[in-house]
Amino acid sequence: MTPAARHFWLPVADDSHGYGLTRHAFPGRRADAGSAEPAHCGEVFALATPSEMDWICAPTCRTCNETLKAGHPG
Ligand SMILES: [Zn+2]
């Protein structure tokens with residue numbers, strides 16, 4: 001059995017990493033998310049549909065990654 005997804009990664013507009021987009025982790029499922037959601041790192045981002053290039057180029061948010069690894073989201 002595959003456990004239900006508890007979070008999803010999405011490149012969102014965030015110029016803190018240079019490229020202009022950063023991949024953050026958001027709680028829940030993409031299909032259930034609204035137009036803006038708080039990421040696991042604590043910041044709220046507007047959700048858009050990223051292009052394939054965005055997925056390739058956007059760096060991963062280290063804070064989101066570490067929060068998920070630590071098992072204490074939020
Ligand atoms: Zn983040």
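Figure 1. From the N terminus on, the elements of the protein follow the order β-β-β-β-α-α. That makes 2 helices and 4 strands, where helices (H or I, at least four residues) and strands (E, at least two) are DSSP runs numbered from the N terminus. This is a predicted model, in which local features need pLDDT of at least 70, side-chain atom pairs count only at pLDDT 80 or more, and totals for chains, interfaces and linings use all residues. Residues are numbered from 1 along each chain as its sequence is written. The term pLDDT stands for the predictor's confidence in each residue, from 0 to 100. The protein averages a pLDDT of 89, and 88% of the residues score at least 70. Among the elements, strand β3 (residues 36-38) has the highest mean pLDDT, 97, and helix α2 (residues 62-70) has the lowest, 93.

**Figure 2. Strands β1 and β2.** The strands β1 and β2 run antiparallel and are joined by 7 bridges; two strands pair if DSSP finds at least two bridges between them. Strand β2 is mostly covered, with 6 of its 7 residues buried. A residue is buried if 20 or more other C-beta atoms lie within 10 Å of its own, exposed if 12 or fewer, and partly exposed in between, with C-beta atoms placed from the backbone. Of the 74 residues of the protein, 22% count as buried.

**Figure 3. The largest nonpolar core.** This core has 10 residues: L10, V12, L21, A25, F26, A39, F45, A58, C61 and C64. The elements that give two or more residues to the core are β1 (7-13) and β2, and β2 gives the most, with 3 residues. A nonpolar core is a set of buried Ala, Val, Leu, Ile, Met, Phe, Trp, Tyr and Cys residues joined through C-beta atoms within 7 Å. In soluble globular proteins, nonpolar side chains tend to be buried together.

**Figure 4. A25 and A39, two residues of the core.** A25 is placed in strand β2. A25 counts as buried because 20 C-beta neighbours lie inside 10 Å. Not counting residues up to four places away in sequence, A25 touches H7, W9, A39, H40, C61, C64 and L68; two residues are in contact if their C-beta atoms, placed from the backbone, lie within 7 Å. With neighbours within four places in sequence left aside, A39 is in contact with H24, A25, F26, F45, C61 and C64.

**Figure 5. H40 in the loop between β3 and β4 (44-46).** H40 is buried, because 22 other C-beta atoms lie within 10 Å. H40 and L68 are 28 residues apart along the chain, and their C-alpha atoms are separated by 7.6 Å. Across the protein, residues 24 or more positions apart account for 46% of the contacts with a separation of 6 or more.

**Figure 6. A33 in the loop between β2 (21-27) and β3.** A33 is partly exposed, because 14 other C-beta atoms lie within 10 Å. Leaving aside neighbours within four places in sequence, A33 is in contact with F26, G28 and L47. The C-alpha atoms of A33 and F8 are separated by 9.9 Å, and these two residues are 25 residues apart along the chain.
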